Amino acid sequence: MTFSVGQLPRFAVMGILNVTPDSFSDGGKFVGVDAAVRHGLALVAAGAAILDIGGESSRPGADPVSTADELARVVPVVERLAAEVDIPISIDTTKAEVADAALSAGATIVNDISGAQHDSLMLGTVVAHDAAVVLMHMQGEPRTMQVDPHYDDVVQDVCRYLQRRTEAAISAGVRSDAIVVDPGLGFGKTYAHNVELLDGVEALVHDLDVPLLIGASRKSFLGTMLSGAAVTDRESATVATSVLAFLHGAAIVRVHDVAASVAAARVLDSVTVRTRQGVMA
Ligand code: PMM
């Protein structure tokens, strides 16, 4: 089964399934295959439109994971969930070999935080499987990205990067209805950069030809906004970012607590459908 963006609901919620010992908010919770599969099924039951499975932590300062370790973490989980659920599965990786194995195991989307630049074989792998790709912007690499991020104009710089990577994906042969872009909140960005990008969602949606994904869930800039709230106390703020992103035209939000953002999406869907139909006039 192939994936195209058109098959998503209007406000799509991507559920995060980190099969890592060290992700910043849920590291170590879903490491065994059974625990990971159980959590994946719970995210689907909560209304996820996509399941995003990752085996390498990308939190600031994280060390890279070997290909063998990443394969061992994610492939059995993708295999089991692909057989059990009927929503698309994405593989969160920057390695073409991991993407290849996950796509063979039933995933249909590659979520690449390096914009498919870390591995020169990535776009070819996506094309070979007729898969979809999420191209995310990151300045630097996870180990060092928060050292001193710099932009002339963060919204414009990120927008131009995402346009260039979209062109590269199309040139490589990726279907244009199988490309999603993401400004990469928290990836080589200061607090001010993250705030500007969230404020710039509408401008990004306007200037980009492909759907936008926003990943703000529990990120540290929300902790800063809430005067130092711990990771576990950032859920309401995360839902606020989902509402903001959706209202400004984002197609997908990537979150840990799927039920909360799905409820928000349902409210938006009900209200905006009635408004469009003139019911509220
Ligand atoms: N954030 C994380 C990991 N992968 N992928 C995309 N496309 N966008 C993101 O914002 C993003 C990502 C880090 O968060 P996590 O450790 O909670 O998964």
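A crossing of two helices is called right-handed if the near helix is turned clockwise from the far one by less than a right angle, and left-handed if the near helix is turned anticlockwise. In this predicted model, the crossing of helices H5 and H6 is right-handed, and the crossing of H1 and H2 is right-handed. The points below take up these two helix pairs, and then turn to the spaces found in the structure.

**Helices H5 and H6**

- Helix H5, which covers residues 154-172, packs against helix H6, which covers residues 191-199, at an angle of about 70 degrees, and their axes lie 9 Å apart.
- Because angles from 65 to 115 degrees count as roughly perpendicular, H5 is described as roughly perpendicular to H6.
- On the side of H5 the contact is made by Val 154, Val 155 and Val 158, while on the side of H6 it is made by His 193, Glu 196 and Leu 197.
- When the residues of this contact between H5 and H6 are divided by class, there are 4 nonpolar, 1 polar and 1 charged.

**Helices H1 and H2**

- Helix H1, made up of residues 33-45, and helix H2, made up of residues 67-84, pack at an angle of about 40 degrees, with 9 Å between their axes.
- H1 and H2 are therefore oblique to each other.
- From H1, the residues Val 33, Asp 34, Ala 36, Val 37, Gly 40 and Leu 41 take part in the contact, and they meet Pro 76, Val 77, Arg 80, Leu 81 and Glu 84 of H2.
- Sorted by class, the contact of H1 with H2 contains 7 nonpolar, 1 polar and 3 charged residues.

**Cavities**

- Searching the whole structure gives 3 cavities of 30 Å³ or more, and the largest cavity has a volume of about 70 Å³.
- The lining of the largest cavity is formed by Glu 56, Ser 57 and Ser 58, together with Asp 92, Thr 93, Thr 94 and Ile 113.
- By class, this lining of the largest cavity consists of 1 nonpolar, 4 polar and 2 charged residues.

**The second largest pocket**

- The second largest pocket has a volume of about 360 Å³.
- This pocket is lined by 20 residues, and those closest to its centre are Thr 94, His 118, Met 138, Glu 141 and Pro 142.
- The lining of the second largest pocket divides into 7 nonpolar, 8 polar and 5 charged residues.
- Thr 94 is one of the residues that line the largest cavity, and Thr 94 is also among the residues closest to the centre of the second largest pocket.

Key
Residues numbered from 1 in each chain as written. Predicted model: local features only at pLDDT ≥ 70, side-chain atom pairs only at ≥ 80, totals over all residues. Heavy atoms only, no water. 1 Å grid on protein atoms, 1.4 Å probe; cavity = no way out; pocket = protein on both sides within 12 Å on 5 of 7 lines; lining within 4 Å. Points joined across faces, edges and corners; volume = space filled by probe spheres on them. Nonpolar A, V, L, I, M, F, W, Y, C, P; charged D, E, K, R; others polar. Axes fitted to C-alpha atoms, helices over the stretch in contact; angles between N-to-C directions. Helix = DSSP H or I, 4+ residues; strand = E, 2+ residues; numbered from the N terminus. Parallel < 35°, antiparallel > 145°, perpendicular 65-115°, else oblique. Contact = heavy atoms within 4.5 Å.
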